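Welcome, and thanks for taking a look at this one with me.

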Amino acid sequence: MANSVEEKFSLREVLDTFSLCLSENKEVYVQHYVEGWRGLVRFMNSLGSVFSFISKDAVNKIEILVNFLNGENGAHYVTIQSMVKYELDNELVDLTRRDKHPESGCRTLLRLHRALRWLELFLERLRTSSEDSKTSVMCSEAYNESLAQHHAWIIRKAAGTAFWALPGRQTFFDVMNVGTPEQVVAMLGNALPLISEVYNITENLYAQHDLLQLP
Ligand code: 1PW
């Protein structure tokens, strides 16, 4: 009965977390963003050990951000907007090469932000897929359109290999634990616009401050 005390995973709850990310004036709460990512990591881990090199990096980035949130300057890290302002005003961001601040909040969050685009593209493909669609193809197409452009060859190669080991569409739906394929499609239809909004707000903020290429 060991499993009965464990919270049952459902992708619906994970995606709901992203809906909590936005404040009334459309700022993005770092805490909920990071919690959403924790859920995604659990999801990746339940897809098999081949995904662990991917989730390990996400875990590492999550921890960096949590340390900022819980640190003495945590009040500046409540929203992505306040973090950007604080780190830029205090010259806490390496803008051209990694040097004094190799693990700034801004550059760390940018990596998760880029990965969120991958997730968005992938889930959108999954939403509109048919029974015989291949998850590996959907996943690598989404990756090539987004995150791959920021990865070195060796990472692209490893990611590509991991994708081929992805379970098929039905197993994927089962792991999501949302219900019938129709319920999955409906859930994704509701969740994706929210993820997209969080992504776009972050993207515009980073673009405005010229931070999209942080080393
Ligand atoms: C099936 C659902 C998948 C959605 C989650 C996507 C997670 C993407 C994480 C990819 C990580 C690949 C391995 C790590 C690469 C790092 O070098 C890279 N990190 C990311 C998140 O792209 C860049 O970080 P770095 O090296 O500049 O600190």
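1. At what angle do H2 and H3 pack, and how far apart are their axes? Please keep in mind as you look that this is a predicted model. The angle between H2 and H3 is about 160°, and their axes lie 10 Å apart. Angles over 145 degrees count as roughly antiparallel, so H2 is roughly antiparallel to H3.

2. From H2 come Val30, Gln31, Val34, Trp37, Arg38, Val41, Met44 and Asn45. They meet Ser52, Ile54, Ser55, Ala58, Val59, Ile62, Leu65, Val66 and Leu69 of H3. By class, the contact of H2 with H3 has 12 nonpolar residues, four polar ones and one charged one.

3. Helix H6 covers residues 135–145, and it packs against H7 at an angle of about 155° with the axes 8 Å apart. H6 and H7 are therefore roughly antiparallel to each other. Here the crossing, H6 past H7, is right-handed.

4. Which residues of H6 meet H7? On the H6 side they are Ser136, Cys139, Ser140 and Tyr143, and their partners in H7 are Ala159, Gly160, Phe163 and Trp164. The contact of H6 with H7 divides into five nonpolar and three polar residues, with no charged ones.

5. Now turn to the ligand. There are 14 residues around the ligand, and those that come nearest are Ile54, Asp57, Arg111, Ala115 and Leu119. Two or more residues of this shell come from each of helix H2 (30–45), helix H3 (52–70), helix H5 (105–127) and helix H7 (153–164). H5 gives the most, with five residues. You will have met Ile54 already, as one of the H3 residues that meet H2.

6. What classes of residue make up the shell around the ligand? There are 11 nonpolar and three charged residues in the shell, and no polar ones.

7. Finally, a word on the annotation. An unreviewed UniProt entry places the feature "domain: Glycolipid transfer protein" at residues 29–177. Over residues 29–177 the chain is 66% helix and 0% strand.

Conventions
Residues numbered from 1 in each chain as written. Predicted model: local features only at pLDDT ≥ 70, side-chain atom pairs only at ≥ 80, totals over all residues. Near = placed C-beta within 6 Å. Helix = DSSP H or I, 4+ residues; strand = E, 2+ residues; numbered from the N terminus. Nonpolar A, V, L, I, M, F, W, Y, C, P; charged D, E, K, R; others polar. Axes fitted to C-alpha atoms, helices over the stretch in contact; angles between N-to-C directions. Parallel < 35°, antiparallel > 145°, perpendicular 65-115°, else oblique. Left-handed = near helix turned anticlockwise from the far one by under 90°. Contact = placed C-beta atoms within 7 Å. UniProt positions renumbered as here; feature names shortened; annotations may be inferred.
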